[in-house]
Amino acid sequence: MPRDGDHVREAAERVARNSYGKLVAFLAARTRDLAGAEDALADAFAAALTDWTANGIPRNPEAWLIAVARRKAIDAGRRRRSSESAVPELRMISEELAEAADANMPIKDDRLSLMFACAHPAIDPSIRAPLILQTILGFDAAAIASAFLVSPATMSQRLVRAKNKIRQAGIPFRVPERTDLGERLGAVLDSIYAAFTEGWCDPGGIDSRRRNLAEEGIWLGRMVTALMPDEPEALGLLALMLYAEARRGARRNDGGEYVPLEDQNPSLWDNAMIDEAEALLLRASGMGDTGRYQLEAAVQSAHVVRRRSGRSDWAAIERIYDLLIALTGSPVVAINRAIAIAEARGAAEGLTALDELAGDQRLAEYQPYWAARAGLLAKTGQIDLADQAYEQAIGLESDAAVRGFLQQRRSELKRLSPH
């Protein structure tokens with residue numbers, strides 16, 4: 001039965017949202033040509049808009065798209081007329097003939113294998129997260145470029161090089177054996193968290209190119225935990241993202257002004273999301289092998305006790321940051337540890353801990369360092385130095401709401417000044 005165009009477009013968009021990465025992964029795993037798989041699937045979606053309007057939406061849209069994409073890829077291989085491209089072409093023809101008798105053959109979900117291919121050590125670390133976003137979620141290069149603060153042309157070139165690297169180096173589309181999982185799983189989880197963080201930095205959802213990144217990051221996290229349910233760090237990452245996302249509605253007031261964590265109203269937090277995060281973290285803690293994401297999630301758990309007690313467990317937060325420092329050596333973790341020390345033991349001790357980082361050049365243009373320093377200097381009565389630190393922090397902040405918050409804090413120094 002013919003369908004109207006709007007209905008067909010909605011159906012195609014629904015399949016793309018739910019199955020794009022699955023279909024690309026299925027094709028790419030069999031051809032070792034990621035870019036070719038994407039092109040063939042794009043052609044199949046374009047064909048669907050015409051065919052489904054005339055003939056109706058098929059009972060199994062995924063299978064229909066795979067069949068058309070295979071034919072498109074085979075045609076493209078024939079046009080290239082090179083022996084190199086004939087290999088995947090012949091492989092696909094062989095598979096198509098073998099499977100033609102079963103039109104309802106289930107499509108294997110190879111998305112996790114594709115993510116591990118994108119996170120292979122041979123791929124530049126800076127492009128792994130963007131590559132996963134494009135191949136698994138179907139984001140275009142312009143959207144990814146905006147989120148990662150590079151030009152669309154530069155991002156496009158990097159993505160093309162990475163896909164060529166996968167094909168030329170013969171990078172396998174498979175989940176590594178457990179003995180080889182360490183670095184590769186870490187790269188996958190880091191990529192997912194990078195995607196989530198880019199979206200979480202736009203709490204109001206005003207940047208259309210970033211709007212869905214936090215949601216998609218959580219979706220990817222759920223996919224990894226579903227396919228690898230016994231990996232504690234995957235559970236820890238999903239818990240961490242849920243804790244953060246649960247506070248989204250409290251990060252701005254009705255006027256759109258920034259509200260820091262310590263001033264947020266816990267009644268505005270998403271309790272169901274927090275409860276899910278707590279359950280995930282508890283489950284991960286029983287598996288041993290505690291890693292970075294479990295510890296960062298544990299910090300968030302110590303914050304959300306404020307729902308019941310009215311105050312974060314700062315002593316516990318300091319202890320967790322001690323473990324994170326030992327594990328990562330991260331100066332960002334050290335800044336957060338100094339803030340926890342200030343809350344647990346007083347601003348002077350927190351400032352002493354922060355002073356130990358003063359020589360780290362990586363923090364010279366890192367806004368949270370200067371904001372933390374300004375706040376602790378103000379609490380210890382060093383008003384002029386606090387004013388200078390606020391000036392630095394304000395100049396480094398790109399978010400207008402956060403910049404306005406820092407400017408307000410700086411203006412409040414006048415009340416504290418003895419002059």
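Which handedness does the crossing have where α17 passes α18? I looked this up before anything else. α17 passes α18 in a left-handed crossing. The term left-handed applies when the near helix is turned anticlockwise from the far one by less than a right angle; clockwise would be right-handed.

**Ground rules**

I note that this is a predicted model, where local features need pLDDT of at least 70, side-chain atom pairs count only at pLDDT 80 or more, and totals for chains, interfaces and linings use all residues. Residues are numbered from 1 along each chain as its sequence is written, and side-chain values use heavy atoms, with hydrogens and water left out.

**Whole protein**

The average pLDDT (the predictor's confidence in each residue, from 0 to 100) is 85. A score of at least 70 is reached by 87% of the residues. Among the elements, helix α4 (residues 83-99) has the lowest mean pLDDT, 56. Helix α12 (residues 271-285) has the highest, 97.

Of the 419 residues, 48% count as buried. Buried means under 20% relative accessible area, exposed over 50%, and partly exposed in between (1.4 Å probe, protein chains only). I also checked contacts, meaning heavy atoms within 4.5 Å. Of those with a separation of 6 or more, 65% join residues 24 or more positions apart.

**Back to α17 and α18**

The axes of α17 (residues 347-355) and α18 (residues 367-379) come within 9 Å and cross at roughly 145 degrees. Axes are lines fitted to C-alpha atoms, for helices over the stretch in contact, and angles run from 0 to 180 degrees between N-to-C directions. From α17, I listed A347, G350, L351, L354 and D355. They meet Y369, A372, R373, L376, L377 and K379 of α18.

**E245**

I found E245 in helix α11 (residues 232-246). Is E245 buried or exposed? E245 is buried, because its relative accessible area is 17%. Its side chain makes a polar contact with the side chain of R248 at 2.8 Å. A polar contact is a pair of N or O atoms within 3.5 Å; within protein, one must be able to donate a hydrogen and the other to accept it, and residues adjacent in sequence count only if both atoms are side-chain atoms. Leaving aside neighbours within four places in sequence, E245 touches F196, W200, A214, I218 and M273.

**S309**

S309 sits in helix α14 (residues 306-309). S309 is exposed, because its relative accessible area is 53%. Its side chain reaches the backbone oxygen of R311 at 2.8 Å.

Key: Helix = DSSP H or I, 4+ residues; strand = E, 2+ residues; numbered from the N terminus.
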